[in-house]
Every structure is written in C-alpha cells, then in structure tokens.
Amino acid sequence: MFAQLAPSPSPSPANLRHFVQGRSFRKCTYAVSASLPTANSSRPPPIQIVGGKDSNLDVTRKDDSSGFKLEANEDEIDWMNLESDIRLWTRALRPVQWYPGHIMKTEKELREQLKLMDVVIEVRDARIPLSTTHPKMDAWLGNRKRILVLNREDMISNDDRNDWARYFARQGIKVIFTNGKLGMGAMKLGRLAKSLAGDVNGKRREKGLLPRSVRAGIIGYPNVGKSSLINRLLKRKICAAAPRPGVTREMKWVKLGKDLDLLDSPGMLPMRIDDQAAAIKLAICDDIGEKAYDFTDVAGILVQMLARIPEVGAKALYNRYKIQLEGSCGKKFVKTLGLNLFGGDSHQAAFRILTDFRKGKFGYYSLERPPL
C-alpha cells in the first residue's frame, strides 16, 4: 500500500544524497489536490531539511468544463519535500534490485581496462543525473581525466538543462548534453575527448615512443545511451543498441579514425542499491531491468510524483486518462485505470502510464534538481 501524502519526518542529511534544494518548482496554474504537501514560498536555509505538508497552501475547489474539480494555486513546492516523500513512499514496497550475472563478470574486467584509459566518458540519464552515477565511480576513476555526458537532453526542459550545466560548471566538471538517437553533441564529445588526452603523445615523444590513439572508455548505468553515442560517433551501427537495459553484455573496443579508440561497456550497477528513492527513479526512466520491480508500484509512485510537479499536475493526469487522483494515492489511480481501460489488468495500466512518461506524453522534465 502506498503511504498517503502526509507530513514526513525530517531525515538526516547523511541519508539524503539526492536531496535537491537549488531550484524550487516553477510557478504554475494547475496543481494537485488539497491534501498534497508543499513548502512555503520562501526558501529555507541550506541546512534545513523539511518534508510533508505546508498549511499555507492556498487551495480552491473549482469545477470546469472538463470535469476536473480540484485545483491548488501554489507559487512553489520544494523539491526537498518531494525527495523526502519518495523515500517515505518506497518504505513499504518490494526493494528494487537488479544485478545480472554479466555485470558481476564485467565489473572486474572494467576496472582493469580503466587503467589503460586516457580519458573516461561517464554517461548519465539527463532526467535523473544524480541517480545514474555508480557510488564507486569516483574511487574507480581516481585522478583520470573525465567527461560527464548527460544523454537524452531532448527529454528535459531548457531550464533543467541550464540548471545542471551551472551546477557541474561550479564543480569544475566538463559536461556535454547529448541526444544519442539524433546524434546531437556526439561530434563535440569526440573532439573534447581528443583534446583532454592530447598530452598523451607529447609525453610519449619525450620518451622516444611512437604516437598512439587516445583511449577513451564510455561507462555508465544500463540503458543510458552509451552504445547509441558510440554508433553516432562512428556514423554507423557497430555496437548493439536497443531501448532496454542489458543489451550490451561484454566490452568492445572500436576505432574512431586514427586518433581515438573507444571502449563500449555493459551498464554497471551496484550489487545492492541502498537508495531506494534512486532505484524507483531508475525504474521509472527504464534504466534498470524490468524484472527488478513491480510495475504497479512504480507507476503508482510516478503518478504521485507527476501530481506534485506543477508543470504536469493532477489535471494533466485527468486530461489524459479521464480519472481524478483521489486521496493522493497513485496505486489506486493505476487500479482505476486498469478497470476502465484494461479489464481490471493493473499491470497493463501501469505499463501504459510508464510508457506515456517515457515517451514524453506529460512533457519533458527532469525528475531531480541540482543540490546546492
């Protein structure tokens, strides 16, 4: 059962790796039911952690021609509150875990190959950049030169893109936004990889050695678009790519002209995902195997998240499915959709909601915000 949207306890900062406080939700016209929690319009101090309802939410009930009845006029909702509530909602669910055998096998091989790389290209999902980085990534890479790629830039808004660009720039991390399907950003990525590792052959010449190609490894979580990016860089399909996790099962070196060698690698996940809020977002964005999660549970949480995002809100859900979100319970919404459209099949209803989100039927938005 999903927890209702009620006040949640303030968690410890140590447990909130993905808490985001930088930019609050943008001002919106439509929002959600009166029971949804919000934050005050004024931002809390950086050290303050909050969650749950805000009594200052101005809620009105309004009937319109579409039959939508609940409308909340709100200026801002704090993303910290949403992250806190996602953690609350996931407590009663079956943990999302996925660690197929090929990942265990190739993780050791990848760590060995990393020693040979001049530059590492880490690919993340632009919709959830914090949730799609391996907790051991920094330890693996050490001081190696690194390029961060946020793929699927077409699936987030311009505001999201600008916020993440500023965030990583402040950290001194070189970030490139790409669209692996259309190839946007791929050529820029190739040029940057060569330029960052340009001193490799200079050092070799000083030692009297012949020049060699720059070696760049492309690594990241499953289904974030690593193989698609390589295919775009090569301008032909060399690496198997498909819109599902687990397609690439072994490492493969490919050449990009005379100057650059690229390593395509299977998606790497931790053996155990401790952060279940991040795991749910992996499932929502199709960045983890389908066997890892219950579709109805994940779709229910997605409904509750969308209802909290003003650019989407409960009205968008109603307009698409002609079902009102009652009691702020996403799982009930999924079951009702199953009864209305799929003969009581909640799994099919959940699949429809997740597919609609993944295809941008609710618009294109990041599900995370940069931390301060």
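Colleague: Which residues of helix α5 are buried?

Modeller: This is a predicted model. Buried here means under 20% relative accessible area. In α5, residues 186-196, that picks out A186, L189, G190, L192, A193 and L196. They cover an arc of only 165° around the axis, so they sit on the same side of α5.

Colleague: What does α5 lie across?

Modeller: Look for contacts between the helix and strands. α5 lies across β3, β4, β5, β6 (214-220) and β8. Its direction is about 170° to β4.

Colleague: And what does helix α4 lie across?

Modeller: Helix α4, residues 158-170, lies across β3 (119-125), β4 (145-151) and β5. It runs at about 160° to β5.

Colleague: In what order do the strands form the sheet?

Modeller: Follow the pairing from strand to strand. The order is β5-β4-β3-β6-β8-β7. These 6 strands make an open sheet with mixed pairing. At the edges are β5 (175-178) and β7 (252-256), each pairing on one side only. Neighbouring strands are turned by 25° against each other on average, direction ignored.

Colleague: How many bridges join β7 to β8?

Modeller: Count them along the pair. There are 5, and the two strands run antiparallel. Strand β8 covers residues 260-264. For a landmark, find K252, which stands opposite D264 in β8.

Colleague: How many helices and strands does the whole chain have?

Modeller: It has 12 helices and 8 strands. Of its 372 residues, 57% are buried. The chain exposes about 16,800 Å². Carbon and sulfur atoms supply 50% of that area.

Notes: Residues are numbered from 1 along each chain as its sequence is written. This is a predicted model: local features need pLDDT of at least 70, side-chain atom pairs count only at pLDDT 80 or more; totals for chains, interfaces and linings use all residues. Side-chain values use heavy atoms; hydrogens and water are left out. Buried means under 20% relative accessible area, exposed over 50%, partly exposed in between (1.4 Å probe, protein chains only). Helices (H or I, at least four residues) and strands (E, at least two) are DSSP runs, numbered from the N terminus. The arc is that of the directions from the helix axis to the C-beta atoms. Two strands pair if DSSP finds at least two bridges between them. Axes are lines fitted to C-alpha atoms, for helices over the stretch in contact, and angles run from 0 to 180 degrees between N-to-C directions. Contact means heavy atoms within 4.5 Å. Accessible areas come from the Shrake-Rupley method with a 1.4 Å probe; for residues, only the protein chains shown count as cover.
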